[in-house]
Amino acid sequence: MNKGIFSRLRQQAGEAGSADIITLISAPAPQAGSIGQMLLITGGCYEQVLLDEPFTRLIMAEVARGEWKRPMLIPIDYAGGQYRVFWDKLSRQKSALVLGAGHISQPLTQMLAMVGYAVTVVDDRPDFANAARFPQAEQVVCRSFEKALADLSLSGYGAIIIVTRGHRSDMECLRAVIDQPAAYVGMIGSQGRVHVVINTLTREGYDQDALARLRAPIGLDIGAETPAEIALGIVSEIVASKSNASCRPMSEKRRCKANG
């Protein structure tokens with residue numbers, strides 16, 4: 001029975017969807033064989049019942065009344081017996097990793113959060129990498145890039161942005177993330193500096209397809225000068241790359257359509 005639920009969960013995860021996951025963990029002796037069975041709720045609906053229709057409706061009512069903040073147990077009295085179910089949740093949000101906590105990273109994190117990303121910020125400087133400077137970040141990690149990148153699950157990030165304070169740190173971060181499956185990997189730097197970086201990694205034997213995916217210099221060309229403007233260019237590029245947008249002005253598209 002749970003096989004179909006796991007398939008549905010994989011589908012939800014692949015679509016960055018959410019789902020409530022209910023597992024029966026204790027039941028009276030006559031129903032002991034049902035322990036371990038699961039109920040999946042997506043969009044307020046279920047496809048398969050747990051035990052039977054009335055018991056499933058009781059669970060649906062509990063979920064509708066409650067607010068999930070963390071995995072929890074729910075006791076249920078049903079048909080003269082006492083049951084307990086475990087309520088967990090699949091909640092997948094777009095996530096971004098910002099390597100470097102300098103002045104560009106502040107507006108960058110703020111804008112990423114505004115467009116729906118759960119942001120992790122990493123830097124080794126306590127005066128820079130702290131929650132007070134990044135109130136919109138989901139997580140601020142203050143430790144060496146080497147240690148942080150070894151500890152974090154890098155494959156879970158959809159966007160990785162390298163904006164550290166120096167060339168050495170940029171290279172260290174880039175070597176760690178260049179082979180990750182993130183849809184967007186970008187690194188700040190001038191054309192000349194980026195050219196040197198790519199040549200260096202090519203000589204070191206890094207995968208050419210991965211290097212070709214690198215967005216560097218980072219961001220769209222919007223004439224940015226200030227940290228906020230640079231951040232805007234970066235976030236615009238992330239959004240555009242995700243939707244495969246043309247990045248052309250909307251007015252230009254209108255004129256092209258009008259001119260046939």
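Trainee: Leaving aside its neighbours within four places in sequence, which residues is Leu-99 in contact with?

Mentor: Please keep in mind that this is a predicted model. In soluble globular proteins, nonpolar side chains tend to be buried together. Here, once the neighbours within four places in sequence are set aside, Leu-99 is in contact with Val-122, Phe-145, Leu-149, Ile-160, Ile-161, Ile-162, Val-163, Thr-164, Cys-173 and Val-177.

Trainee: Which members of the largest nonpolar core touch the most other members?

Mentor: That core has 27 residues, and those touching the most other members are Leu-97, Leu-99, Val-122, Leu-149, Leu-174 and Val-177. Among the elements that give two or more residues to this core are strand E6 (95-99), helix H4 (145-151) and helix H5 (167-177), and H5 gives the most, with four residues. There is also a second, separate core of 23 residues, which includes Ala-96, Phe-134, Ile-188 and Ala-231.

Trainee: Is strand E7 mostly covered or uncovered?

Mentor: Strand E7 (residues 118-123) is mostly covered, since six of its six residues are buried. Ala-118, Thr-120 and Val-122 point one way from E7, while Val-119, Val-121 and Asp-123 point the other way.

Trainee: How many bridges join E7 to E6, and how many join E7 to E8?

Mentor: Five bridges join E6 to E7, and these strands run parallel, with Ser-95 standing opposite Ala-118 in E7. Four bridges join E7 to strand E8 (residues 139-142), again in parallel, and Val-121 has Val-140 in E8 as its bridge partner. Finally, E6, helix H3 (residues 105-114) and E7 make a right-handed β-α-β unit.

Key: Residues are numbered from 1 along each chain as its sequence is written. This is a predicted model: local features need pLDDT of at least 70, side-chain atom pairs count only at pLDDT 80 or more; totals for chains, interfaces and linings use all residues. Side-chain values use heavy atoms; hydrogens and water are left out. A nonpolar core is a set of buried Ala, Val, Leu, Ile, Met, Phe, Trp, Tyr and Cys residues joined through side-chain atoms within 4.5 Å. Buried means under 20% relative accessible area, exposed over 50%, partly exposed in between (1.4 Å probe, protein chains only). Contact means heavy atoms within 4.5 Å. Two strands pair if DSSP finds at least two bridges between them. A crossover is right-handed if, with the strands pointing away from the viewer, the path from the first strand over the helix to the second runs clockwise.
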